[in-house]
Amino acid sequence: MEIDRLMGLGPKSKQMLKQVGVTDVQQFLAFDPFELYGLLKQKVPGVSLNMLYGIIGAQENIPWQEIKNTRRTDILLRLDDMGIAPK
């Protein structure tokens with residue numbers, strides 16, 4: 001299966017992930033979503049918080065909108081702890 005076939009991810013997400021060396025589903029699923037988002041923030045200009053919601057949703061097979069609506073505060077707190085929370 002291709003990464004862009006996972007729930008919530010598409011061709012644009014696949015291209016972004018490729019820029020940080022993630023090219024297959026097994027690799028993608030093995031990553032901590034927050035660490036992966038951190039890598040993307042370093043390499044891909046303008047990557048948004050929606051990408052993190054999409055990564056978590058794809059790994060858990062849940063729509064990214066549900067992740068955003070139910071876990072946003074916890075996600076922002078974790079990103080703040082990591083020093084990469086949006087301003």
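Buried, in these legends, means under 20% relative accessible area, exposed means over 50%, and partly exposed lies in between (1.4 Å probe, protein chains only). The model is predicted, so local features need pLDDT of at least 70 and side-chain atom pairs count only at pLDDT 80 or more, while totals for chains, interfaces and linings use all residues. Residues are numbered from 1 along each chain as its sequence is written, and side-chain values use heavy atoms, with hydrogens and water left out.

**Figure 1**
Let's begin with the overall picture: the chain has five helices and zero strands. Helices (H or I, at least four residues) and strands (E, at least two) are DSSP runs, numbered from the N terminus. The radius of gyration is 12 Å, close to the 12 Å that the globule rule gives for 87 residues, so the chain is as compact as a globular protein of that length. This radius is taken over C-alpha atoms, and the globule rule is 2.2 Å times the number of residues to the power 0.38. Along its principal axes, the C-alpha trace spans about 30 × 25 × 20 Å. Of the 87 residues, 36% are buried.

**Figure 1. Helix α5 is bent.**
Where does α5 bend? Look at Arg 71, where the bend is about 80°; this is the angle between axes fitted to the seven residues ending there and the seven starting there. Ile 67, Ile 75 and Leu 79 of α5 are buried, and the buried residues of this helix pack against α3 (33-43) and α4 (49-60). Just after α5 comes Gly 83, with a positive phi of about 80°.

**Figure 2. Helix α3 has buried residues covered by other helices.**
The buried residues of α3 are Pro 33, Phe 34, Leu 36, Tyr 37, Gly 38 and Leu 40. Their cover includes α1 (11-19), α2 (25-30), α4 and α5. At the start of α3, you can find a side-chain oxygen of Asp 32 within 3.0 Å of the backbone nitrogen of Phe 34.

**Figure 3. The largest nonpolar core has 25 residues.**
A nonpolar core is a set of buried Ala, Val, Leu, Ile, Met, Phe, Trp, Tyr and Cys residues joined through side-chain atoms within 4.5 Å. Leu 17, Phe 28, Leu 36, Leu 40, Leu 52 and Ile 75 have the most contacts inside this core. Two or more residues come from each of α1, α2, α3, α4 and α5, and the largest share, seven residues, is from α4. Contact means heavy atoms within 4.5 Å. Leaving aside neighbours within four places in sequence, Leu 52 is in contact with Pro 33, Phe 34, Tyr 37, Ile 75 and Leu 79.

Is Leu 6 buried or exposed? Leu 6 is buried, with a relative accessible area of 12%, and sits in the segment before α1. Not counting residues up to four places away in sequence, Leu 6 touches Met 1, Val 25, Phe 28 and Ala 58. Asn 61, in the loop between α4 and α5, counts as exposed at 55% relative accessibility. Asn 61 also has a positive phi of about 60°, although it is not a glycine.

Terms used: A polar contact is a pair of N or O atoms within 3.5 Å; within protein, one must be able to donate a hydrogen and the other to accept it, and residues adjacent in sequence count only if both atoms are side-chain atoms.
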